[in-house]
Amino acid sequence: MTLLLPTSTAGSLPKPSWLAEPEKLWSPWKLQGDELIEAKQDALRVSLQEQRQAGIDIVSDGEQTRQHFVTTFIEHLDGVDFESRETVKIRDRYEASVPSVVGAVSRPQPVFVDDAKFLRAQTDQPIKWALPGPMTMIDTLYDGHYKSREKLAWEFAKILNQEAKELEAAGVDIIQFDEPAFNVFFDDVNDWGIATLERAIEGLQCETAVHICYGYGIKANNDWKKTLGSEWRQYEQAFPKLQQSAIDIVSLECQNSHVPMDLIELIRGKKVMVGAIDVATNDIETPEEVADTLRKALQFVDAEKLYPSTNCGMAPLSREVARGKLQALSAGAAIVRQELSI
Ligand SMILES: [Zn+2]
């Protein structure tokens, strides 16, 4: 990419109220059957248009066709029973009733490939597609079959690799794996988390990214963040091994977060999607605030490797707030681009 500081979002964007109840995670669809398929495509068009109007350079589907960034993918797999549910602790943080792995997991057919083709047909801009990462997938399930987190992660990595290869063939430029679990299970990350992620990207020619964050601005996450103290050094655990990995881009959270910016030094050489937009507040950043975060990041990332982005997905926000934040992101990036070109 020749443009300096290309902007993007970490993932989800709010859905229109005619598609699903707004400002809510796992919001049920308001339509069914063919009407739902058409409505999802219309929402994807609108989301793309809003990203374009805000000046976002690397666009996405805004995750308009999925209810949740992990669950929707798993729903399409064999071996997982959504009727048989068990209560587990997600990311060691909050209890949730989750589906059970009851047999060998497999992907009987592509999950998002048609959606990606649809997005590709709407735009010539670079597109990024998000998938859940293996470790985050296993963390939202009860496993009564493999009875091994690691084994299940390797199985999911194979499945993700099949999906990723088809997304690449559909014309996706960057495939991103969401791994918020990397900020929690440090030993597993280093023992097999990064290895399974590398299995998921095996053989891909397109660019690959991993998104590691502190989660959506929902209560369970906000409460957890209060326990983390004044300096959030979680990234320090995964970064050294990630720096050595085959992943091209690391997407992380910076704006208003307590992550010491100098931790980015640990992934020197990688492209970095710097979260310059806080998704846990309705306050819209000023372009100058965005620019300030980007300038700080530039101390540790070469300009040609810095990708201004958001801390996480914006699905739980109102559309108005999300639009404002996208515009602030573009305007902030433009300020710094200008400074760099002088
Ligand atoms: Zn996130």
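**Exercise 1. In which sense does H5 pass H6, right-handed or left-handed?**

Solution. Start with the ground rules. This is a predicted model: local features need pLDDT of at least 70, side-chain atom pairs count only at pLDDT 80 or more, and totals for chains, interfaces and linings use all residues. Residues are numbered from 1 along each chain as its sequence is written. Helices (H or I, at least four residues) and strands (E, at least two) are DSSP runs, numbered from the N terminus.

Step 1. Locate the pair: helix H5 covers residues 149-169 and helix H6 covers residues 186-200. Their axes come within 7 Å and cross at roughly 25°. Axes are lines fitted to C-alpha atoms, for helices over the stretch in contact; angles run from 0 to 180 degrees between N-to-C directions.

Step 2. Classify the angle. H5 and H6 are therefore roughly parallel to each other. The classes are roughly parallel (under 35 degrees), roughly antiparallel (over 145), roughly perpendicular (65 to 115) and oblique (the rest).

Step 3. Assign the hand. H5 passes H6 in a right-handed crossing. A crossing is right-handed if the near helix is turned clockwise from the far one by less than a right angle, and left-handed if anticlockwise.

Step 4. List the contact. From H5 come Arg 149, Glu 150, Ala 153, Trp 154, Ala 157, Lys 158, Leu 160, Asn 161 and Ala 164. H6 supplies Asp 188, Trp 192, Thr 196, Arg 199 and Ala 200. Contact here requires C-beta atoms, placed from the backbone, within 7 Å.

Step 5. Sort by class. The H5 and H6 contact has seven nonpolar, two polar and five charged residues. Nonpolar covers Ala, Val, Leu, Ile, Met, Phe, Trp, Tyr, Cys and Pro; charged covers Asp, Glu, Lys and Arg; the others, Gly among them, are polar.

**Exercise 2. Which residues of H6 and H8 meet?**

Solution. Step 1. Helix H8 spans residues 235-244. The axes of H6 and H8 come within 9 Å and cross at roughly 20°. H6 and H8 are therefore roughly parallel to each other. Their crossing is right-handed.

Step 2. On the H6 side stand Phe 186, Val 189, Asn 190 and Ile 194. They meet Gln 237, Ala 238, Lys 241 and Leu 242 of H8. By class, this contact holds five nonpolar, two polar and one charged residues.

**Exercise 3. Describe how H9 packs against H10.**

Solution. Step 1. Take helix H9 (residues 287-297) and helix H10 (residues 319-341). Their axes come within 7 Å and cross at roughly 55°. H9 and H10 are therefore oblique to each other.

Step 2. H9 passes H10 in a right-handed crossing. H9 contributes Pro 287, Val 290, Ala 291, Leu 294 and Arg 295. H10 answers with Ala 328, Leu 329, Ala 331, Gly 332, Ala 333, Ile 335 and Val 336. The class count is 10 nonpolar, one polar and one charged residues.

**Exercise 4. In what order do the six strands of the parallel sheet lie?**

Solution. Step 1. The order is E3-E5-E6-E7-E8-E9, in an open sheet with parallel pairing. Strands pair if DSSP finds at least two bridges between them. The edges are strand E3 (128-132) and strand E9 (306-309), each pairing on one side only. The twist averages 25° from one strand to the next.

Step 2. Walk the sheet. E3 and strand E5 (residues 174-178) run parallel, joined by five bridges. Trp 129 has Ile 175 of E5 as its bridge partner. Strand E6 (residues 207-212) pairs with E7 in the parallel sense over four bridges. Here Ala 209 partners Ile 249 of E7. E7 and strand E8 (residues 271-275) pair in the parallel sense over five bridges. Glu 253 stands opposite Gly 275 in E8.

Step 3. Check burial in strand E7 (residues 249-253): five of its five residues are buried. Buried means 20 or more other C-beta atoms within 10 Å of a residue's own; exposed means 12 or fewer, and partly exposed lies in between, with C-beta atoms placed from the backbone. Ile 249, Ser 251 and Glu 253 point one way, Val 250 and Leu 252 the other.

**Exercise 5. Which strands are the edges of the mixed sheet?**

Solution. Step 1. Three strands form this open sheet in the order E1-E2-E4. Its edges are strand E1 (78-90) and strand E4 (142-143).

Step 2. Nine bridges join E1 to strand E2 (residues 94-106), and the two run antiparallel. Glu 86 stands opposite Val 98 in E2.

Step 3. H5 packs on this sheet and touches E2 and E4. The direction of H5 makes about 70° with that of E2.

Notes
Two residues are in contact if their C-beta atoms, placed from the backbone, lie within 7 Å.
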